[in-house]
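Please open the model in a viewer and keep the selection tool at hand.

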Amino acid sequence: MNFQAIEKKWQKRWEKAKVFEVKEGKGKKYYVLEMFPYPSSVGLHMGHAFNYTLADILARFKRMQGFNVLYPIGYDSLGLPAENAAVKAKQHPKKYTEKAINNFIKQQKELGLSYDWSRLLMSHDPNYFKWDQWIFLKMFEKGLAYRKKAPVNWCPKCNTVLANEQVIQGKCWRHEKTDVELKHLEQWFFRTTKYAKELYEGIDKLKWPEDIKIMQKNWIGKSFGIEIDFEINGKKWPIFTTRPDTIYGVTFMVISAQHLKLMELVTERQKKNVEKFLKKVRSTSEKDQEVEKEGVFTGSYAINPINGEKIPVWVGNFVLVDYGSGMVMAVPGHDQRDFEFAKKYKIEIREVVKGGNIRKEAFIDIGTLVNSDKFNGMNSKKAIGEISKYLEKKKLGKRTVNYKLRDWLISRQRYWGTPIPIIYCDKCGIVPDKNLPVKLPEKVRFGKGNPLENAKEWINVKCPKCKGKARRETDTMDTFVNSSWYFLRYCDPKNNKEIFNKKKVKYWMPIDFYTGGREHATGHLIYFRFYTKFFRDLGLVNIDEPVVKLFNQGMLHGADGKVMSKSRGNVVLPEEVSKTYGIDTARLFLVSLASPDKDIEWSKTGIEGSSRFIKKVYDCFDKIKPKKDDKRIESKLNNAIKEITEDLENIRYNLAVIKLRTLFDSFGKEVSKKTLESFLKLLCPFCPHIAEELWHKVGNKSFISKEKWPSVDEKKIDKKFEQQEQAVEKLKQDINNVKRILNIAKPKVYVYVLPKELEFLRDSKNELLVSCGAESIEIFAVNDKKKFDPENKSKKAKLGKPAIYLT
């Protein structure tokens, strides 16, 4: 059997007939989508093939169920990795990227993926990023896009700003040995915090994996508390806390090392110490606040509003600049982080909630207030409300809800990104450039820093307002911008007049099944929710959330047990697999090993097992003779249809494959054409090329990929047959166990059963003979006077538990 010839044959026919292209309005819709893939120049390996196969199986299944399935593809083709790789290869990023995309398309088509290729998108296409710029201007118009000076994470190797999600333990996510530096730069932000409340409260309604929902809740971080006004150098600083019951225990304050007003609090005497400390601070990321807590006294003092006490203000490396006001009140007796800091720097530790031993560790549980003036003796839980009331009455604070989520920094100092459509004019200030798309200049010089800064002809423009001299913004947008709305553009990808047609989006959205890695939990999966809510508020969409069901696939490991990766040298290429086994064999094998959300390991032995099954199926269609099915086959077929359908609905592909193979193994040398056709339909989502080939081999002219999924006839399912098969399987196990205990290689087997079980077990005699490797098998009813039973074993036989004698 020539696998490759069969694959190419059907891939060409699908493409020519436009089998997978769809339009709105034809039946009930189902939208299947993978996360926007980056087209790496090294191409696909079988780990990628696993990811794509998962979604393709569902798309094919739903299509056969009669759904109008949208299953599009495109490429997240902008970004620093592409730029760096292109520069290294001494090619322009555009040429380099498009070559990589062409290779990706070729490989994906060879996998038999049923994409609607007519909807292909590429984020580096000006017809696409024009609408990224349009969105930016809409956000700018609504006050959601703004520019400010802010502390940022800077990677000296990337020569660009990093988002907090891209900093891991003080290092760049792309350059694991490169320390991230702290800089203060004018940057563009999207005001994601405007939607913090809705983003947080919407999580519970999502049909998403629980770990993703927990990660999003923790990242957005809702806290109920109070802002208390502390006075520092004559100015009020609103300090957020969830524990006002401990206000009498405040012995120092800590301001963020990234705070823009920090140096206003630093006295001349402490200036050198603070500057020396700041050089050690490398990240604005919350994840990197887990380092050893360090700080320096600023020289300033705050006044505690509840008792007038003078409190020293320190600068620390563990306070987030955008959490509250960027300063916290420290209560070392009742917060472990503050306790450790106070111990290290010999700051007073005061007990205000009785119940623990604050000499050894902070007491953080509920207790009774002490050293708290008029609130002494009050339960600390009750005191949170009472002290909040007191502070509000005295106009010293106000209760509020705080979120950890920070605005999204979108500025990047690189070439290969979406240009920010902003012009700076000395007379008019910040001016939107509405002449879209603002394209990247083709002729640029790559080297150190941002190439756009040296593209003088591109930078120097006329102001759209006054027509005077002006200059373009040279930062480009974070590529997460491109992937935050691509799913909407797929609904109307060729529209040049508007971002998309609202009716088309209303028909297709939301995405019914979305698959990708869990590493995007606090990045892309928050950003695209934010975008959806913004589009809703513009009146462009009528949904609150972009996705109904999110699925996180497992990872494919190489033979060395490590995640398959080109850099590890443990990859298996689809081309090699197709040549040796056929891509259908690989598709079947990849989803047979375990539940698709679990990690799996590539195995030569495993794929050879799948290959044998595929060959057996193919050969069967040459040898099998058509005949009317008996009731046993009808029962097995309908039960298989029922259970495989349920397994596919719930992405239990591995269980579906087991049932598919069991069904096939139950066929004898004669089976009806209708049963064979139903089997091929069940096989089609997993092995589409072979299914098409055999579908035509039995005389059909249509594409099986567009055929109707087999329906189950519940009346034909007879549980008696299933129980009998289970009894045969149990008998096989018992015979093999006795055979092993007695150490007999090829025994003569005698089985004793109750009379009502005799007929169906005798029908299974040949199956038992082969499975047990016996010389002969005789099956007797226990009341048979002519039975051979030298050791009177028949007396031990029970219903469902035959007795056995081996010799």
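The stops that follow begin with the complete chain and then turn to selected residues and elements.

**The whole chain**

Begin with everything displayed, and bear in mind that this is a predicted model. The chain has 807 residues, of which 55% count as buried. Its C-alpha atoms fill a box of roughly 110 × 70 × 45 Å along the principal axes. Colouring by secondary structure brings out 26 helices and 33 strands. Of the contacts between residues at least 6 apart in sequence, 74% join residues at least 24 apart.

Next, switch to a surface view. The chain exposes about 37800 Å², and carbon and sulfur atoms supply 49% of that area. Colouring by charge marks 150 positive and 103 negative side chains, and the centres of these two sets lie 2 Å apart.

**A positive patch**

Select Lys18, Lys23, Lys26 and Lys706, which form a positive surface patch. One of them, Lys23, sits in the loop between helix H1 (3–17) and strand S1 (29–34). Lys23 counts as exposed because its relative accessibility is 59%, above the 50% cut-off.

**A covered helix**

Move to helix H22, residues 673–683. How many of its eleven residues are buried? Nine of the eleven are, and the helix is thus mostly covered. The buried set consists of Thr675, Leu676, Glu677, Ser678, Phe679, Leu680, Lys681, Leu682 and Leu683. To see what they pack against, display helix H2 (46–64), helix H19 (604–623), helix H20 (631–649), helix H21 (653–665) and helix H23 (688–697).

**Salt bridges**

The structure holds 53 salt bridges. Side chains of opposite charge can pair when their charged atoms come close. Three pairs are visited here.

Select Glu98 and Lys94, whose side chains meet in a salt bridge at 3.4 Å, N to O. Both belong to helix H4 (residues 93–110); because they are four residues apart, about one helical turn separates them. An α-helix has 3.6 residues a turn, so residues three or four places apart point the same way. Glu98 is partly exposed, with a relative accessible area of 30%, and Lys94 is partly exposed at 32% relative accessibility.

Now select Asp647 and Arg652. Their salt bridge has its closest N and O atoms 2.9 Å apart. Is Asp647 buried or exposed? Asp647 is buried, with a relative accessible area of 2%, whereas Arg652 is partly exposed at 31% relative accessibility.

Lys732 counts as buried at 11% relative accessibility, while Glu729 is partly exposed at 39%. Elsewhere, salt bridges that share partners join Glu198, Arg529, Lys533, Arg536, Asp537, Asp544 and Glu545 into one network; selecting these seven residues together displays it.

**An exposed loop residue**

Finish at Ser567, in the loop between strand S29 (556–557) and helix H17 (574–580). Ser567 counts as exposed because its relative accessibility is 70%.

Technical notes:
Residues numbered from 1 in each chain as written. Predicted model: local features only at pLDDT ≥ 70, side-chain atom pairs only at ≥ 80, totals over all residues. Heavy atoms only, no water. Helix = DSSP H or I, 4+ residues; strand = E, 2+ residues; numbered from the N terminus. Buried < 20%, exposed > 50% of the residue type's maximum accessible area, 1.4 Å probe, protein only. Patch = residues over 30% accessible without salt bridge, like charges linked within 9 Å, V, L, I, M, F, W, Y side chains within 5 Å. Areas by Shrake-Rupley, 256 points an atom, 1.4 Å probe, with all protein chains shown as cover. Salt bridge = Lys/Arg side-chain N within 4 Å of Asp/Glu carboxyl O. Lys, Arg positive; Asp, Glu negative; His and termini not counted. Charge placed at Lys NZ, Arg CZ, Asp CG, Glu CD. Contact = heavy atoms within 4.5 Å.
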